[in-house]
Amino acid sequence: EEVEIPITVTTPVDVVSADTPLGDGKYRIMSKDTKFGIATKYGIKVPALESLNPDMKDLHPGMIINVPVMTPVIVDGSISNSDNAVVNKFVNYEVPAKMTMYSLENLTGITEDSLIALNPHIKDGLKLGMNIRIPNSDTRQLNVMDSKITGFANLLDSITNYNPQRFAVMLPLSLNKLGEETSDDALLRKESATRIALDFYSGMTIARDSAQSLGIMVSYDVFDTQKSASKVNSIINTHNFNSYAAVVGPLLAKNVVEAAKELKGDGIPVISPLTNTDVRLYKNLFQARPDQELLKQKLMDYLVANAEGKNIILVTDAKKPELKNEYLALFPNAKELKPNKDNYIYKQTYINALDSEKENWVILAVDNEGFITDAISHYSAKAKSHNVTMFGYENYDELDLPHMRLGSLKYTYPSINKDAGTKNGFSKKYYRKYKISPNAYATRGFDVAMDIILRNASAGNLYDSAMNNGSTSQVENKFNYSKKFMAGYYNESVYLLQYNEDLTIKELD
């Protein structure tokens, strides 16, 4: 039986005694309050305030209304819950003489890209007297995601739709397997899909909370698909899905296709968040996970654009002949290293391919673990003396390669996502709520949900957003939906990442 997780909704407008303590997201009307004044105080617009309080007409002293949730601000070492502690997210700042972008980054604590996203007019440099918008240092604890990490600031200024958003979330929870002999812990140990689903949904809840801080009310109805396409069909045919802005999930590819097929006639968007899905037959299907072919194309495009003057070395094996042939077609003068009759490449063969006069590019067109580790070992020893950069398809996490060697080789690879660490707004808020750091599935849950929420708020619906909003960047994932002819939408945005010598990883253009 499907499981619906209801969202608790408190009475939007109420009058209580003046000494009753208020919870988060509540505000008591004072005698001189106006809608405009309250909205401004909370950094939102009047329509957003009204959407939080659909039954609110006139304001009366003592009335309790809904407002964006704000974390208490620390004042002189103590926590203040007073209404006066609420501050604006951004403040105006006049650029003084001799201010550099580097100094401004240190002052604000955010990156140059984020500063330009907030102030497009400074992309050509800072000038004396410029008025710019920077984060208010008193808002560091607010329940709004850090714009330098999530990247949603570029949609923030274009939000026009503050109507409540309701989503169906279809997940393989398999709660039907719970019973007298199966505990919650046993189910989680046995069912990896259930663990992934719960992690993914936990990230979605942070997106919902963050949207509320922006004045956008979001609710989820969660359905248990039990990993079954027939169950997906049954859920859709026994519930009215026309009130949903979109369906997130199911997580399994075959079940996503079933949901898209059943909802195609109603034009309800179905987002496939984790698996690659065939979108050819369904115009309402959004493939949020980039296709593997796109990763290969991303790397090849970069190599072709920057290969002039490089000594290109191609490490190959018998397992990837099609990949070797693709690279040789692009770089016919590349030095091809291939295994001998004993399926081995000698150390001296690797070294002899280097050119001391040119920058050396080593491309791994291999699948054999031994060739990968040998190439990294031999070339990292020559990385500085011969200016070696290495390229591959994967980060090879499962091989547990020495990061020092990858850093010395400036190892470069395409990726669907990038590791944002734990020093960002999402991770901090997630830890406050769940007392653990988010894993990749939780982060993807946040990214997928936050992206579609902001797209709906900025363009009315996902279809318009796909056409008009272009690429967006969240915590660890990017989204750029492109519609295929007579088909659905593909996410065509991936990262090209490179190790630095200090073991950090940067994104390449």
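**Close-up views of a predicted model**

**View 1. Contacts of isoleucine 453.** Not counting residues up to four places away in sequence, isoleucine 453 touches Gln165, Phe167, Ala207, Ala211, Ile216, Val218 and Tyr220. Contact means heavy atoms within 4.5 Å. This is a predicted model: local features need pLDDT of at least 70, side-chain atom pairs count only at pLDDT 80 or more, and totals for chains, interfaces and linings use all residues. Numbering runs from 1 along each chain as its sequence is written, and side-chain values use heavy atoms, without hydrogens or water.

**View 2. The largest nonpolar core.** This core has 44 residues. A nonpolar core is a set of buried Ala, Val, Leu, Ile, Met, Phe, Trp, Tyr and Cys residues joined through side-chain atoms within 4.5 Å. Buried means under 20% relative accessible area (1.4 Å probe, protein chains only). Leu171, Met204, Ile216, Tyr220, Ile271, Ile453 and Tyr481 touch the most other members. Elements that each supply at least two residues include strand 8 (165-171), helix 8 (192-213) and helix 17 (440-459). Helices (H or I, at least four residues) and strands (E, at least two) are DSSP runs, numbered from the N terminus. Helix 17 gives the most, with nine residues.

**View 3. The second core.** A separate core of 28 residues includes Val362, Leu364, Met390 and Leu497.

**View 4. Threonine 443.** This residue lies in helix 17. Threonine 443 counts as buried because its relative accessible area is 3%. Leaving aside neighbours within four places in sequence, threonine 443 is in contact with Phe426, Pro438, Val475 and Glu476.

Key:
Buried < 20%, exposed > 50% of the residue type's maximum accessible area, 1.4 Å probe, protein only.
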